[in-house]
Amino acid sequence: MGKKLVIVESPAKAKTIGKILGSTYVVKSSVGHVRDLPEKSLGVDVKKDFEPKYVLSKGKTKVVSELKKAAKSCDAIYLAPDPDREGEAIAWHLRELLKTTAKDKPFYRVQYNQITPAAVKAAFENPGEINMDRVDAQQARRILDRIVGYKVSPMLWRRIKRGLSAGRVQSVALRLVSEREREIQNFKVDEYWVMGAKMRRQSAPIDPFLTNLAKIDGKKTDVGSEDVAKALLSDLEGSILKVEDIKTKEVTRRSLPPFITSTLQQSASSLFGYSPQRTMGLAQKLYEGVDTGDGSPAGLITYMRTDSVNIAKEARDEVKGYIEENFGSSFAPAKPNFFKSRTSAQEAHEAIRPTDVMRTPESLKKFLDGPELKLYDLIWRRFLASQMSAAKIARKTAMVVPEKDGLEHTYLFTATASEVTFEGFLKVMSMDIRKKKDENKEGTEEGDEVDTLPPLAAGDVVDLVEWLSERKETKPPARFSEASLIRALEANGVGRPSTYASIIETLNNRNYTVREKRQLSPTELGLEVNDMLVLKLPELFNVGFTASMEEQLDSVEDGKLKWNAMMADFYGRFADWMEKAKEPPADPEKVDAVMAMLEKVITWGPEVQRGKRKYSDQRFVKSIADQIKKAEKGVTDRQLEALVKITVRYRDQVAGAEPELTRLGFASFVESDNAALSYEKTMQRFDILDKVTLTESQGEFFASLKQQVVSGRKLSEKQVIAIDRMLVQYSAKIDDFENLREKLELKVTESGLPQDNESPILMEMLGQVETWNEPVKRGKMTFDDAAFYGSLHEQFLAKNSLTPRQRYALKRMIFRYKGQIKDFDEYVDKLGLNKKK
């Protein structure tokens with residue numbers, strides 16, 4: 001009997017599967033995708049029903065050759081990639097590549113949700129066929145993404161810079177991050193006061209407890225000024241505090257469902273700081289198999305790309321037995337816990353769970369490294385908890401009212417303590433059991449939760465230790481963390497389990513976002529790209545539209561919609577949007593006037609080479625003249641702007657150029673050129689750097705700028721800053737550098753940062769403050785304005801500049817002390833800030 005060929009995606013998976021199946025099977029790896037659309041062309045024939053033109057993936061020639069050779073010598077081919085769209089597509093591509101070589105040999109599609117002997121053997125005993133609906137859904141997604149990226153990215157190249165990319169889903173994620181940043185930038189800080197009282201019993205135990213002023217005159221407390229806070233404290237002074245009521249309530253807290261891809265990525269990010277990419281890499285290892293000491297690698301978790309919270313009956317029965325044996329029957333619910341997946345979830349899939357709940361994290365300590373063990377422990381505990389009984393929590397709230405003749409208002413102070421009366425799932429999984437805050441007034445809501453309450457009864461009189469009044473500020477919405485961005489994408493129906501990690505990774509790799517302290521901030525480039533895409537193609541990069549495309553892809557996978565029909569519908573709208581996004585033609589009279597001036601230029605500057613591209617003013621002007629002559633398309637505003645800049649450069653050869661440019665509305669271009677660094681000061685910089693040994697990349701950059709200036713093009717502000725940074729970097733090798741710095745008027749500080757004109761103003765303002773607010777403790781952090789200002793003042797004296805983030809913090813701080821800062825409004829005008837902030 002001949003051997004059977006099995007093909008999976010990864011070498012690690014091949015090793016595990018091979019040991020399970022034995023010597024009658026030859027197990028090979030495709031090492032991921034074997035075919036894809038070509039890199040340097042669209043690869044899609046739109047006119048032929050969006051027919052894709054596939055080529056071998058880069059570096060896969062040898063892999064495919066070996067697979068063909070193996071297919072020749074085997075009797076049957078089993079295609080066993082992952083059980084999702086990508087896996088189905090890989091299986092189909094493999095069959096398409098191998099079917100000629102295999103001739104009449106049968107192909108089988110094998111799927112399993114976990115790599116265990118029982119699951120794998122069962123799958124091979126009941127092989128199926130390739131699901132072409134699922135393949136079509138993957139093809140449609142790939143072609144959609146290619147068309148959007150291929151057609152839209154050049155718009156960014158023309159308007160911002162070459163090499164940038166737009167993506168159908170990636171750009172929507174960037175939009176969410178960018179819009180959140182704009183919210184933060186435009187956020188108006190309001191002050192408010194949190195009021196309460198520290199109290200204690202009149203007899204033992206007399207440990208003080210804190211209460212929160214919850215209501216004034218029966219309405220929720222809202223104190224928006226210091227004057228109101230002082231008036232309330234004055235009204236309360238001399239009151240007797242009496243316990244009005246004690247309310248006790250039993251709360252049931254149910255466990256969370258087992259992990260799906262998105263929730264696993266969110267939890268691993270929040271708890272361990274793992275990026276989604278790292279989480280998926282670790283989960284892949286746990287899924288594909290780890291040697292647990294018996295010489296046979298075992299898959300430790302089920303498939304990790306899933307959006308279903310379903311659990312197989314066998315797994316539920318197994319975990320029920322484990323819970324009853326290790327924690328007692330009360331910890332296992334009478335009926336299993338079931339959870340509802342979102343509508344689009346693949347119900348045939350399972351949630352992420354251990355393949356064997358008896359394989360505890362403790363038993364795997366010797367076989368997993370630290371990060372792998374952490375993730376496995378997280379998955380194991382979440383699964384166990386999901387099938388355990390609910391926790392019971394007793395929540396006690398003390399309600400205290402002040403009494404006194406002549407009170408202007410009625411007041412209610414409250415304090416709440418929670419106590420677990422039955423642990424349930426909390427036995428294996430930590431969770432905050434405190435009362436949730438009311439989120440209706442985001443940024444100002446204060447909870448009344450305390451760790452414990454002393455014995456209290458209605459009618460008890462308690463002693464006042466002190467009235468409490470604390471000034472606070474509303475906070476802007478937080479930046480997205482990787483976890484919260486995944487949550488937002490999922491909530492909006494954007495992306496699918498297999499794409500979340502790659503979306504975030506792409507944003508970071510493209511320098512559209514940066515990860516700082518677990519938060520995602522858009523870069524200046526990211527904001528610029530987003531603004532351009534949303535301005536030009538708002539419908540395409542709309543969150544709702546992107547979600548509707550995901551739903552259509554799901555319909556293709558379910559066999560309810562033909563992928564070609566879906567593509568045709570999309571492309572019709574897409575083509576209209578792209579047409580509208582084209583730049584309108586520039587004013588033809590202005591174009592003719594500028595071209596007439598350029599006809600007078602006799603001596604053109606030499607062409608400039610930057611990298612592999614060459615730029616020639618004369619050649620560009622001629623190309624525009626040819627374009628006008630052909631009359632096939634109008635000159636765009638962008639092209640006219642380039643012509644104006646060239647005219648400004650050669651204005652010495654064109655009589656009356658400046659008044660004519662002013663008449664045409666281009667005076668700002670002349671003013672900008674006049675304000676740019678002069679030729680003399682530029683060449684002085686170049687002469688100094690000519691004597692310094694630069695790195696290879698710096699040398700190439702320097703040479704291109706030098707050629708640019710020699711050809712008559714002035715340096716941009718960014719280019720001047722780049723040159724000045726080099727001068728600062730090599731200052732130790734430059735004679736008499738301090739005098740040269742002053743003479744050349746360098747645009748950067750000693751640290752290489754652009755000149756900072758805001759910090760001196762901020763330091764001068766806060767230097768007037770004599771009385772600082774008391775330090776405030778929030779969680780484990782203490783915020784001390786005086787200490788913060790002092791440390792930044794020392795840094796400013798040493799470096800003569802502060803970072804943008806530090807300046808932002810000081811800008812917020814000055815409004816807290818405006819009463820102590822003379823000429824406050826004038827300072828604020830200099831900083832360009834909103835006086836009402």
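**Helix packing and local features of a predicted chain**

The protein chain holds 29 helices and 23 strands, where helices (H or I, at least four residues) and strands (E, at least two) are DSSP runs numbered from the N terminus. The model is predicted, so local features need pLDDT of at least 70 and side-chain atom pairs count only at pLDDT 80 or more, while totals for chains, interfaces and linings use all residues. Residues are numbered from 1 along each chain as its sequence is written, and side-chain values use heavy atoms, with hydrogens and water left out.

The C-alpha trace spans about 95 × 95 × 55 Å along its principal axes. Of the 837 residues in the chain, 48% count as buried; buried means under 20% relative accessible area, exposed over 50%, and partly exposed in between, with a 1.4 Å probe and protein chains only.

Helix α6 meets helix α14 (residues 524-536), with axes that come within 9 Å and cross at roughly 110 degrees. Axes here are lines fitted to C-alpha atoms, for helices over the stretch in contact, and angles run from 0 to 180 degrees between N-to-C directions. The two helices α6 and α14 are therefore roughly perpendicular to each other; angles under 35 degrees count as roughly parallel, over 145 as roughly antiparallel, 65 to 115 as roughly perpendicular and the rest as oblique. On the α6 side the meeting residues include Ser171, Leu174, Arg175 and Ser178, and on the α14 side they include Gly526, Leu527, Val529 and Asn530.

Helix α6 is also one of the partners of helix α13, whose buried residues pack against α6, α8 (261-272), α9 (276-288), α12 (482-491), β18 (513-516) and β19 (519-522). Within α13 (residues 500-509), the buried residues are Tyr500, Ala501, Ile503, Ile504 and Leu507. Seen down the axis of α13, these fall within an arc of 165 degrees, so they line one face of the helix; the arc is that of the directions from the helix axis to the C-beta atoms. In general, an α-helix has 3.6 residues a turn, so residues three or four places apart point the same way. Just after α13, asparagine 511 takes a positive phi of about 65 degrees.

Glutamine 265 lies in helix α8 and, at 1% relative accessibility, counts as buried. Leaving aside neighbours within four places in sequence, glutamine 265 is in contact with Pro276, Thr279, Met280, Ile486, Tyr500 and Ala501. Glutamate 516, in strand β18, counts as partly exposed at 33% relative accessibility. Not counting residues up to four places away in sequence, glutamate 516 touches Ser521 and Arg805. Glutamate 516 and serine 481 are 35 residues apart in sequence and 9.1 Å apart in space, C-alpha to C-alpha.

Two further helix pairs can be described in the same terms. Helices α17 (residues 588-598) and α18 (residues 617-630) pack at about 135 degrees with their axes 12 Å apart, and are therefore oblique to each other. Val591, Met595 and Leu598 of α17 make the contact with Val621, Ile624, Ala625 and Ile628 of α18. Helices α22 (residues 679-690) and α23 (residues 696-710) pack at about 150 degrees, with axes 11 Å apart, and are therefore roughly antiparallel to each other. Their contact involves residues including Tyr679, Met683 and Phe686 of α22 and Phe702, Leu705 and Val709 of α23.

A cis peptide bond, with omega about -5 degrees, joins alanine 204 and proline 205, and proline 205 lies in the loop between β9 (191-200) and β10 (209-216). Valine 31, in the loop between β2 (25-29) and β3 (35-36), has a positive phi of about 50 degrees although it is not a glycine. Glutamate 745 likewise has a positive phi, of about 55 degrees, without being a glycine, and lies in the loop between α25 (737-744) and α26 (759-766). Valine 31 is partly exposed, with a relative accessible area of 45%, and glutamate 745 is partly exposed at 48%.

Technical notes: Contact = heavy atoms within 4.5 Å.
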